[in-house]
Amino acid sequence: MTSNTLLRAARRTFIAGTTALIVGALAVPSFVTPSVAADGPPSVADLAQGLLGAVVNISTSQTVKGTEGPGAVPMPQLPEGSPFQDFFDDFFKNRPGDQGNRSQKVQSLGSGFVVDAEQGIVVTNNHVIADADDIEVNFSDGVTLKATLVGTDTKTDVAVLKVDPKGHKLTAVKFGDSSKMRVGDWVMAIGNPFGLGGTVTVGIVSARNRDINSGPYDDFIQTDAAINRGNSGGPLFNSVGEVIGINTAIISPSGGSIGIGFSIPAQLASGVVDQLRQFGETRRGWLGVRIQPVTDDIAESLGMATAKGALVAGVIKGGPVDNGTILAGDVIIKFDGRDVIEMRDLPRVVAESTVGKAVDVVIVRKGVEQTVKVTLGRLEDGEKLASGEDGNTDQDNGDKAPAVSTASVLGMTVGELNDETRTKFGIAADVSGVVITGVAKDSAAAERGIQAGEVITEIAQESVATPKDVMDRIGALKEQGRKNALLMLASKTGELRFVTIRMD
């Protein structure tokens, strides 16, 4: 073999080796197995075809009164007696079609789905049909039916509509168990984005239990299935065609989908739909307490190993537990067999419970875990009762502080709560404790937002009535090696909250 022949063979070997390296670099990594790719359905056509008929478009119209139409040029404000007054009157007030204080029709579009074909029940978002004068339901085959409003719930943004089932053959879908959905499970969204009609998108459950501060029961399913304007009220399906969510919100700086959408879980929505169908309104359970989060500092002050549960900051007078069953300072860690991990868990599980039901509530009181039995009231009645407690108004009838016994502790000046201090700070007659008359700037108390006029009612779950009581309790906590003091504070009107203050 000549030297040229050897060189050509070496080149072929090098090129072949390089090609193998390149192909190897583009190959699927060894940790990605074919079974992972097979988890995604090769086609969702059959599933979508069976569901499209149950998903509807919701169109609404509303009459809005105004002096000017959209995009109209407003009439300029001229000085009295201006020679141009007649000219502008003719131009602005006598334009074709202008009838002065005219009205205009505003239309909006959304989505929904049929849950009962025999009764003609359609579910959508409350914000889709809010303030509408006319509501129409448009089906995938082009049929349009007038809809009447059965009931709405602003707290969960759910609305129930009814159409005449004799006017069209309806196809219904059912709610599934959203609690079984896991992050990574496949989901399908069908809706009416930008008024385009039945549109199918597929994605996964990106996250669960999302709180986006839209309401008291936030527990959204997050998905990357494309959801856009007009998808609101449409269903989010699992892989077997059950509704596990109602699409209701997106995060998007542009108004279009960026893969972050939120759905009301079926576990929450289905109960609301049932109540709206049965009563035309919601009937939620009510415990009758005001709560706040259990922070690490509060947990330490209460002798709890971990920060969990909901801290009872106050008990509403006339409520279900205004009999001493649950007290301010208790921490609720379990309700009717369901764990309360965070404060926001409690309102949701209570609201989902039946009015009048007797439930077991596990609390931590002064470091001791115990179970109490509570019979629930109705939230809608409780809201009226709670609002009636805010009847006192603040007063300020003097600039000079009264001559009372005072003490300085933890950056606060505290004094006796008597007629003079009640008058000065406008404190209600039923509030008891030790009044805070001043708070030092840049102190630990100031960092916690404590203000003059608030009243210390308890320290470390022990009542205080005099400045000396405050000093003694703080001293005792320091002797015990505590780093924080847990204070129960009352506002001027008696509303309670808990605050921890560093004692270093």
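Guide: What follows is a set of questions about terms, each answered by setting a value against its cut-off.

Visitor: What am I looking at overall?

Guide: This is a predicted model, and its protein chain holds 12 helices and 28 strands. Of the 504 residues in the chain, 42% are buried, while the accessible surface comes to about 26,300 Å², with 51% of that belonging to carbon and sulfur atoms. Among the contacts with a separation of 6 or more, 62% are accounted for by residues 24 or more positions apart.

Visitor: Which residues of α12 are buried, and why are they said to line one face of the helix?

Guide: The buried ones are P467, V470, R473, I474 and L477. Seen down the axis of α12, these buried residues fall within an arc of 130 degrees, and therefore they are said to line one face. On the other side of the helix, K468 and E479 are exposed.

Visitor: What do the buried residues of α12 pack against, and what comes after the helix?

Guide: They pack against a set of strands, including β22 (406-409), β23 (412-416), β24 (434-439) and β27 (484-490). The helix is followed by G481, whose phi is positive, near 85 degrees.

Visitor: What makes the phi of D131 worth a remark, and is the residue buried or exposed?

Guide: The phi of D131 is near 65 degrees, which is a positive value in a residue other than glycine. D131 lies in the loop between α5 (126-129) and β4 (134-138). Its relative accessibility is 61%, and exposed means over 50%, so D131 counts as exposed.

Visitor: Where is A130, and why is A130 called partly exposed?

Guide: A130 is also placed in the loop between α5 and β4. Its relative accessible area is 35%, which lies between the 20% and 50% cut-offs, so the residue is called partly exposed. A130 and T152 are 22 residues apart in sequence, and their C-alpha atoms are 8.8 Å apart in space.

Visitor: What is the phi of D336, and why is D336 called partly exposed?

Guide: The phi of D336, a residue other than glycine, is positive and near 50 degrees. D336 sits in the loop between β17 (331-335) and β18 (338-339). With a relative accessible area of 29%, D336 falls between 20% and 50%, and therefore it is partly exposed.

Visitor: Why is the pair D153 and R284 called a salt bridge?

Guide: The rule asks for a side-chain nitrogen of Lys or Arg within 4 Å of a carboxyl oxygen of Asp or Glu, and the closest N and O atoms of D153 and R284 are 2.3 Å apart, so the pair forms a salt bridge. This pair links distant parts of the chain, with D153 in strand β6 (residues 148-153) and R284 in the loop between α6 (266-279) and β14 (285-286), 131 residues apart. Both D153 and R284 are buried. By this rule the count comes to 19 salt bridges.

Visitor: How do you know that E380 and R378 are buried?

Guide: Buried means under 20% relative accessible area, and E380 has 17%, so E380 counts as buried. R378 has 18%, and therefore R378 counts as buried by the cut-off of 20%. The side chains of E380 and R378 meet in a salt bridge, at 3.1 Å from N to O. Salt bridges that share partners join E281, R283, R378 and E380 into one network.

Visitor: What makes E342 and R344 a salt bridge, and how accessible is E342?

Guide: Their closest N and O atoms are 3.4 Å apart, which is within 4 Å, so E342 and R344 form a salt bridge. E342 has a relative accessible area of 42%, between 20% and 50%, and is therefore partly exposed.

Technical notes: Residues are numbered from 1 along each chain as its sequence is written. This is a predicted model: local features need pLDDT of at least 70, side-chain atom pairs count only at pLDDT 80 or more; totals for chains, interfaces and linings use all residues. Side-chain values use heavy atoms; hydrogens and water are left out. Buried means under 20% relative accessible area, exposed over 50%, partly exposed in between (1.4 Å probe, protein chains only). Helices (H or I, at least four residues) and strands (E, at least two) are DSSP runs, numbered from the N terminus. The arc is that of the directions from the helix axis to the C-beta atoms. Contact means heavy atoms within 4.5 Å. Accessible areas come from the Shrake-Rupley method with a 1.4 Å probe; for residues, only the protein chains shown count as cover.
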